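Student: I have a model open and want to go through it with you. Can we start with one of the helices and the strands under it?

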Amino acid sequence: MKRKIGVVAAATAALLVFAGCSASTPPADESADGQNITFWVMGGDTPEALRDYLKTEYNKVTGGTLTIEEQGWGDALSKLTTSLPDAENTPDVTEIGNTWSPTFTNVGAFTDVTDLVPELGGDKLLPSFVDIGVVDGANYALPYYFGSRYNFYRKDVWAAAGLDVPKTLGELSESAAKLKTATQSGFYLGGEDWRNGVSWIFAYGGDLAKKDGDTWASSLSDPKSVQGLEALQELYTSASLAPVTEADSTPWVNINATTGAPEAATIIAPGWAHWSIGDLAPDPADDTKTIATWNDATFGTFVLPGVDGGVAPVFAGGSNIAISKASKNQAGAKELLKIIFSPAFQQMLGENGLGPANLDYASSLGDDQFAKALIDSAAGSKLTPAAKGWAAVEGSGLLEEFFGKVNGGGDVKALAAEYDAKIDDLING
């Protein structure tokens, strides 16, 4: 498997650049009036209607122009590392993957916004996303939106086998094994899909890494982590036909079916995947494509159950948001944050299926089964370690390698020890 060396090098370069220039603060500006600023969003998660709202409101408040530039997730890390230190090319405000936040907050890439937090939502803001943006008690990155992962299943397939929605993680594995056939996964889970696989580590009380004093260390070898990994390995072996080398994927393709049995009886995916799940039919606008229409008689949802019942902790999806410390438009950037954290925009996030940063507006997600599953699964969700080298760990491909080998039948304890050592070389930056 090819390592993503370029991404790792970029993350390392960022540490050197920021450390070398001591992240000097640009001159304070007096007013946001007339300031033209740039906001980087990652991928297409922020709908056009929300982007248009931000542009309009920013112009109303400041008289300036807000330019929103979309960055692809694939090269966003390298772009951030080269652009953030450069006052001439930095975005004024940027969305950032929540798991990458520590890498940039710990090297002084972002502006301290602690004094703004009470005005932006205070203790109503999603705690785990707030915590990952804190350094030495100060806030540098705040929640933008959250997502979460839960299970989608074929009601018809489960009912035909006489199976009910499982109440524990063990019951899920047992049922999924019964539903596996020569062509159908009882539970479809790619071997290298660590973002979903890590939920089994969390469910058994393990962690990806732990901090001792000022030093982080990978904890895949922790007995609780090993328990979770062994349970995951059993599920993969007994219930999934997904390729061992498959990482982030589109499992809704496998649960849908035009005719005959689907390729998957159950999947785990981010909540927004429900828009891609359902009965398939030709797209009226393009007969070379199909569209999915949710059918309650065929499809259902349930949160990943815990080892002893309840809800298992899953990896929290979503993003943080921060102001570049190198920005020359600090006042304008702060005005944009005020608009983003305003009641109107928080409501709009929920109405578009994105978990609002301010939990007072979680009801804007609605009250259907998707909203309920999103809120229930997000309540106990966990983030990756708040270590400054975590972005380099992700970019290295080590987690994909490790989970792929575990799910391929390798010795869990031996692999955990091997990859703990590899991750420890990167995790502290």
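Tutor: Keep in mind that this is a predicted model. Helix α14, residues 369-379, lies across β7 and β13, and it runs at about 140° to β7.

Student: What order do the strands take in the sheet with β7 and β13?

Tutor: The order is β10-β7-β13, three strands in an open sheet with antiparallel pairing. β10 and β13 (299-302) are at the edges with a single partner strand each, so one side of each has no neighbour in the sheet. On average, neighbouring strands here are turned by 35° against each other, direction ignored.

Student: How many bridges join β7 to β13?

Tutor: Strand β7, residues 149-154, is joined to β13 by 4 bridges, and the two run antiparallel.

Student: OK, other sheet. What's the strand order with β14 in it?

Tutor: That open sheet has 6 strands, in the order β2-β1-β3-β14-β6-β15, and its pairing is mixed. At the edges are β2 (66-71) and β15 (355-356); each has a single partner strand, so one side of each is left without a neighbour.

Student: And which way do β3 and β14 run, parallel or antiparallel?

Tutor: Antiparallel, with 5 bridges joining β3 (residues 93-97) to β14. G97 stands opposite S319 in β14.

Student: Which helix lies across β1 and β2?

Tutor: Helix α2, residues 48-62, lies across β1 (37-42) and β2, and its direction is at about 155° to β2.

Student: What's the lining like by class?

Tutor: There are 16 nonpolar, 14 polar and 8 charged residues in the lining of the largest pocket.

Student: Last topic, aromatics. How many pairs are there?

Tutor: The count is 17 aromatic pairs, taking ring centres within 6.5 Å. One of them is W252 with W272, edge-to-face at 5.5 Å centre to centre, with 65° between the planes.

Student: Where do W252 and W272 lie?

Tutor: W252 is in helix α11 (residues 252-255) and W272 is in the loop between β10 and β11 (279-283), so the pair ties together parts 20 residues apart in sequence.

Key:
Residues are numbered from 1 along each chain as its sequence is written. This is a predicted model: local features need pLDDT of at least 70, side-chain atom pairs count only at pLDDT 80 or more; totals for chains, interfaces and linings use all residues. Side-chain values use heavy atoms; hydrogens and water are left out. Ala, Val, Leu, Ile, Met, Phe, Trp, Tyr, Cys and Pro count as nonpolar, Asp, Glu, Lys and Arg as charged, and the others, Gly among them, as polar. Two strands pair if DSSP finds at least two bridges between them. Contact means heavy atoms within 4.5 Å. Axes are lines fitted to C-alpha atoms, for helices over the stretch in contact, and angles run from 0 to 180 degrees between N-to-C directions. Rings of Phe, Tyr and Trp (its six-membered ring) pair if their centres lie within 6.5 Å; planes under 30 degrees apart count as stacked, over 60 as edge-to-face and the rest as tilted.
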